[in-house]
Amino acid sequence: DRQAAIARAADLVRRTRRNVILSGAGLSTESGIPDFRSPGGVWERFRPIEYQDFLDHHPARVEHWRYKRETIPPMLQAEPNRAHQVIAELEAAGRVSVVITQNIDSLHQKAGTQRILELHGTNAEAVCLGCRERTPIEDALAQLETGIEVPQCPSCDGILKPATISFGQPLPQRVLHAALEAASGCECFLVLGSSLQVQPAASLAGVAKQYGAQLIIINLTPTPYDGIADVVIHAKLCETMAEIARLNGQVTLT
Ligand code: NAD
């Protein structure tokens with residue numbers, strides 16, 4: 001049953017080192033940030049942008065920035081939740097060596113996590129398509145407030161794109177490489193709040209398992225990798241991570 005699975009997960013986390021976490025949008029829903037695959041999500045009002053479209057077409061850039069103008073400010077206001085905190089505590093206690101995240105909301109960093117690999121980039125910055133210089137997202141959004149439809153690079157006047165990875169855009173190679181290395185070298189790989197439907201992020205779970213790690217999946221709904229996992233828990237993350245912390249005698253902040 002669920003309590004036994006949680007106890008097993010807690011035991012694995014306690015007994016292993018070099019544990020690696022892969023987090024997804026489900027980790028941040030309890031911080032008030034909607035995931036993509038639930039009803040009422042942003043994709044019902046905005047179509048996701050293709051990278052090539054953004055590069056080639058001004059109207060696509062305008063639409064993408066309209067979407068970001070609406071979705072980024074609430075994300076900047078969000079606070080990390082109990083699950084983010086437990087993860088940061090595990091890292092501080094030497095139980096977690098790195099957090100690989102598909103999230104773009106900076107909530108791991110706000111909770112205190114140090115070693116983080118952002119597979120899908122970040123909403124905290126914009127990047128110039130010309131000179132690659134990065135600009136704080138607040139500055140790009142401020143340009144939108146003055147009526148500019150596509151923010152420009154303060155250095156070279158080039159086109160700014162939010163520093164998130166769009167569909168059809170390759171993942172940052174160094175980040176993906178480091179994630180593969182972490183997944184193949186860990187003892188225990190924990191998937192937290194991901195539908196495991198977005199590649200190549202999802203495949204990291206398979207890589208970890210193949211290289212001998214224990215695989216733990218905690219997600220509200222089933223994933224395609226549940227069948228190969230050692231522990232599967234279908235539950236909400238805050239209560240589950242708090243219970244794992246409690247079972248392991250972790251110092252609690254709340
Ligand atoms: P997803 O939307 O595909 O899946 C999220 C999963 O989390 C779902 O299977 C859902 O059942 C589960 N879930 C929701 N609330 C939960 C909770 N409280 N406890 C446990 N599980 C819960 O998300 P994904 O797999 O991360 O992939 C979608 C893509 O969307 C990613 O590429 C990511 O970059 C992006 N995204 C990021 C954010 C963010 O930064 N917070 C938000 C939305 C989308």
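**Entry 1: Arg69 and Glu145.** I began with Arg69, which in this predicted model forms a salt bridge with Glu145, the closest N and O atoms being 3.1 Å apart. Arg69 belongs to helix H3 and Glu145 to helix H6 (residues 137-145), so the pair ties together parts that are 76 residues apart in sequence. I then looked up the accessibility of both partners: Arg69 is partly exposed at a relative accessible area of 39%, while Glu145, at 54%, is exposed.

**Entry 2: other salt bridges.** I searched the whole structure and noted nine salt bridges. One that I followed up joins Glu125 to Arg134, with 2.6 Å between the closest N and O atoms; Glu125 is partly exposed at 27% relative accessible area, and Arg134 counts as partly exposed at 46%. I next took Lys209, which forms a salt bridge with Asp230 at 2.9 Å between the closest N and O atoms. This pair links distant parts of the chain, since Lys209 sits in helix H8 and Asp230 in the loop between S8 and S9, 21 residues apart. Lys209 has 27% relative accessibility and counts as partly exposed, and Asp230, at 25%, also counts as partly exposed. I also recorded a network of salt bridges that links Asp11, Arg14 and Arg15.

**Entry 3: the three-stranded sheet.** I traced an open sheet of three strands in the order S5-S4-S6, with antiparallel pairing. Strand S5 (134-136) and S6 are at its edges, each with a single partner strand, so one side of each has no neighbour in the sheet. Neighbouring strands here are turned by 40° against each other on average, direction ignored. Strand S4 (residues 121-128) is joined to S5 by three bridges, and I found Glu125 opposite Pro136 in S5. Helix H3 (residues 58-77), the helix of Arg69, lies across S4 and S6 and runs at about 45° to S6.

**Entry 4: Lys161.** Which strand holds Lys161? I placed Lys161 in strand S6 (residues 160-164). Lys161 is buried yet has no salt bridge, and the nearest side chain of opposite charge, that of Glu50, is 11 Å away. I did find a polar contact, at 3.2 Å, between the side chains of Lys161 and Gln169. Leaving aside neighbours within four places in sequence, the contacts of Lys161 include Tyr51, Phe54, Trp65, Val127 and Leu129.

**Entry 5: the six-stranded sheet.** I then turned to an open sheet of six strands, which has the order S3-S2-S1-S7-S8-S9 and parallel pairing. Its edge strands are S3 (116-118) and S9 (231-233), each of which pairs on one side only, and neighbouring strands are turned by 15° against each other on average, direction ignored. Strand S8 (residues 214-218) and S9 pair over three bridges in the parallel sense, with Ile216 opposite Val231 in S9. Helix H1 (residues 2-15) packs on this sheet, touching S1, S7, S8 and S9, and its direction makes about 130° with that of S9. Helix H8 (residues 203-210) also packs on the sheet, where it touches S1, S2, S7 and S8, its direction making about 160° with that of S7.

**Entry 6: Leu247.** Not counting residues up to four places away in sequence, Leu247 touches Gln3, Ile6, Ala7, Ala10 and Arg14. The C-alpha atoms of Leu247 and Glu125 are separated by 38 Å, the two residues being 122 apart along the chain.

Notes:
Residues numbered from 1 in each chain as written. Predicted model: local features only at pLDDT ≥ 70, side-chain atom pairs only at ≥ 80, totals over all residues. Heavy atoms only, no water. Pairing = 2+ DSSP bridges. Helix = DSSP H or I, 4+ residues; strand = E, 2+ residues; numbered from the N terminus. Axes fitted to C-alpha atoms, helices over the stretch in contact; angles between N-to-C directions. Contact = heavy atoms within 4.5 Å. Buried < 20%, exposed > 50% of the residue type's maximum accessible area, 1.4 Å probe, protein only. Lys, Arg positive; Asp, Glu negative; His and termini not counted. Salt bridge = Lys/Arg side-chain N within 4 Å of Asp/Glu carboxyl O. Polar contact = N/O pair within 3.5 Å; in protein donor to acceptor, adjacent residues only side chain to side chain.
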